[in-house]
Amino acid sequence: MKAQLRISVAAALLLALCQSVTAQIEPSGTYLYDSRDGEDLFMDVYEPARGSVSEGKPAVIFMFGGGFKNGSRADASYLPWFKLMSDNGFRVFSIDYRLGLKGVTKVGISNSSVIYDAIQLAVEDLFRATAFIAENADSFGTDPSRIVVSGSSAGAISVLEADWECANSAPLTSLLPEGFRYAGVISFAGAVFSKEGAVRYQKEPAPTMFLHGTSDRIVNYKNTAFLNMRFSGSSILVKEFEKQGYNYRIYRFDGNGHEIADADSMVASFDEQMSFIATNVMEGRKRIVDALVSDPAVPVSASAKDGVNSIYAE
């Protein structure tokens, strides 16, 4: 049964949580996983903290945000989230990917193919990083059948797109080990870009957790359509998940914009992420959550107030 929730969280509790999380964490190693278009692509590995319970827990691949124009796998703002993951027994792989919109000044309907190509570059690099981890699974101490993929903003678009392509056996999935599927997906303000009309899944997607602001104008919470092109945000994707009986949770941040992709928001919803991984991913139970979150501790960004349009579909 789908749970309909409305959550109110005191600002003081969130501030205390964020302040208690220190970013005293460094990668145990940095690895070159591929070179493409003359660019070396690296991943930083953050090991489970000493004394944490890691047995049976999936590894997490993380893709940073930045509009496919900028960003870094080592951005210091993500370190508190990496540390929380490490302290809770998870191994995190934070990866580079090629920035296909770097230097592009105009992005919209008129050049939607540029957006699509940028997403495909990121998905390709994610698949190559995944294959590298699988090939070196023993060295990393990672079970290839237990990999959760997560991303923020452009990274969230990439991971949702990647899992959709896995479910539909798209050509790029040939880069992955035969029969590979992600164990779960966590999307902080993501979407799927389809050139084939409405988003459909030929096979059941991985258990997916969506977190999105209902007033997000950077990555549309709903849907942008032009001819057969669809840029489908979390609310549209969840309709398909619900219709088909797929395994998911969605946290709809009422009135919030793209700040739900920010690292502070990732930390604030960490307990819900742990619950999702434990129940929906590790136990495989379809504990469906559809939550409308009203949280005064998450400030409403300017983009949600001033009518800024999506950079991906004007």
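Start by selecting Ser 94 and Arg 73: a polar atom of the Ser 94 side chain lies 2.7 Å from the backbone oxygen of Arg 73. This is a predicted model, in which local features need pLDDT of at least 70 and side-chain atom pairs count only at pLDDT 80 or more, while totals for chains, interfaces and linings use all residues. Residues are numbered from 1 along each chain as its sequence is written, and side-chain values use heavy atoms, with hydrogens and water left out.

Stay with Ser 94, which sits in strand β5 (residues 92-95); strands here are DSSP runs of E with at least two residues, and helices are runs of H or I with at least four, numbered from the N terminus. Ser 94 counts as buried because its relative accessibility is 0%, buried being under 20% relative accessible area with a 1.4 Å probe, protein chains only. Now show its neighbours: leaving aside residues up to four places away in sequence, Ser 94 touches Phe 42, Met 43, Asp 44, Tyr 46, Phe 62, Arg 73 and Phe 82 (heavy atoms within 4.5 Å).

Next, colour helix α2 (residues 79-87) and helix α8 (residues 270-282), which pack at an angle of about 40 degrees with axes 12 Å apart. On the α2 side, select Trp 81, Leu 84 and Met 85; on the α8 side, Phe 270, Gln 273, Met 274 and Ile 277 make the contact.

Finally, click on Met 85.

Note on methods
Buried means under 20% relative accessible area, exposed over 50%, partly exposed in between (1.4 Å probe, protein chains only). A polar contact is a pair of N or O atoms within 3.5 Å; within protein, one must be able to donate a hydrogen and the other to accept it, and residues adjacent in sequence count only if both atoms are side-chain atoms. Axes are lines fitted to C-alpha atoms, for helices over the stretch in contact, and angles run from 0 to 180 degrees between N-to-C directions.
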